[in-house]
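Me: I would like to learn how to read the features of a structure like this one. Could we go through it together?

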Amino acid sequence: MSKLAEFKALEAQLAAQLKQLDALKNDDKLKREIEFEEKLRNLMGQYDVGLREIISILDPQPSRTSISATPTSQAPRRQRQVKVYKNPETGEVVETKGGNHKILKAWKEKHGAEKVEGWRRFSR
């Protein structure tokens, strides 16, 4: 795209955005929201109250649950079983509860996942 074409395209975009901005400036709903925000901020400053305090006053028991809270209706998670792998070439033993074990990943990369799964001995 030539510089002139790029300039004209950007100029047209700017004109369209300026038109949208003018339309918003004359919107009564926006004016009311701006007025409300200004009055609320003035009140917050006058009474030295923060936004979190206002929210806790208006909604003392929020309906959304926090991430740290665990639902009481669900049963506790069952623990993972320990899987034991023994490399027949080196005799090295790896015990893991998941698939993110460093040595186990290296074995799977070198020998293939299917072969390494065949090295699995027993579970605890």
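Predicted model: local features only at pLDDT ≥ 70, side-chain atom pairs only at ≥ 80, totals over all residues.

Me: How many salt bridges does the count come to?

Reply: Side chains of opposite charge can pair when their charged atoms come close. The rule asks for a side-chain nitrogen of Lys or Arg within 4 Å of a carboxyl oxygen of Asp or Glu. By this rule the total is three salt bridges.

Me: Which residue forms a salt bridge with Glu35?

Reply: An α-helix has 3.6 residues a turn, so residues three or four places apart point the same way. Here Glu35 bonds to Lys39 in a salt bridge, with the closest N and O atoms 3.1 Å apart. Both lie in helix H2 (residues 28-47), four residues apart, about one turn of the helix; helices are DSSP runs of H or I with at least four residues, strands are runs of E with at least two, and both are numbered from the N terminus. Glu35 is partly exposed at a relative accessible area of 40%, where buried means under 20%, exposed over 50% and partly exposed in between (1.4 Å probe, protein chains only).

Me: Where are the other salt bridges?

Reply: Glu37 and Arg41 meet through their side chains at 3.2 Å, N to O. These two are also four residues apart in H2, about one helical turn. Glu37 is partly exposed at 39%, whereas Arg41 is exposed at 52%. Then there is the salt bridge of Glu117 with Lys108, at 3.3 Å, N to O. Glu117 has 33% relative accessibility and counts as partly exposed, as does Lys108 with 26%.

Me: In which sense do strands E1 and E2 pair, parallel or antiparallel?

Reply: Two strands pair if DSSP finds at least two bridges between them. Strand E1 (residues 83-86) and E2 pair in the antiparallel sense, over four bridges, and Lys86 stands opposite Val93 in E2. The two strands form a hairpin with six residues between them, and Gly91 in the turn has a positive phi of about 80°.

Me: Which residues of helix H4 are buried?

Reply: In H4 (residues 102-111) they are Leu104, Trp107 and His111. They cover an arc of only 60° around the axis, which puts them on the same side of H4; the arc is that of the directions from the helix axis to the C-beta atoms. Lys102, Glu109 and Lys110 are exposed on the other side of H4. The cover over the buried residues includes E1, E2 and helix H5 (113-117). After H4 comes Gly112, with a positive phi near 100°.

Me: What is the phi of Asp48?

Reply: Asp48 has a positive phi of about 55°, although it is not a glycine. Asp48 sits in the loop between H2 and helix H3 (51-58), and counts as exposed at 68% relative accessibility.

Technical notes:
Residues numbered from 1 in each chain as written. Heavy atoms only, no water. Contact = heavy atoms within 4.5 Å.
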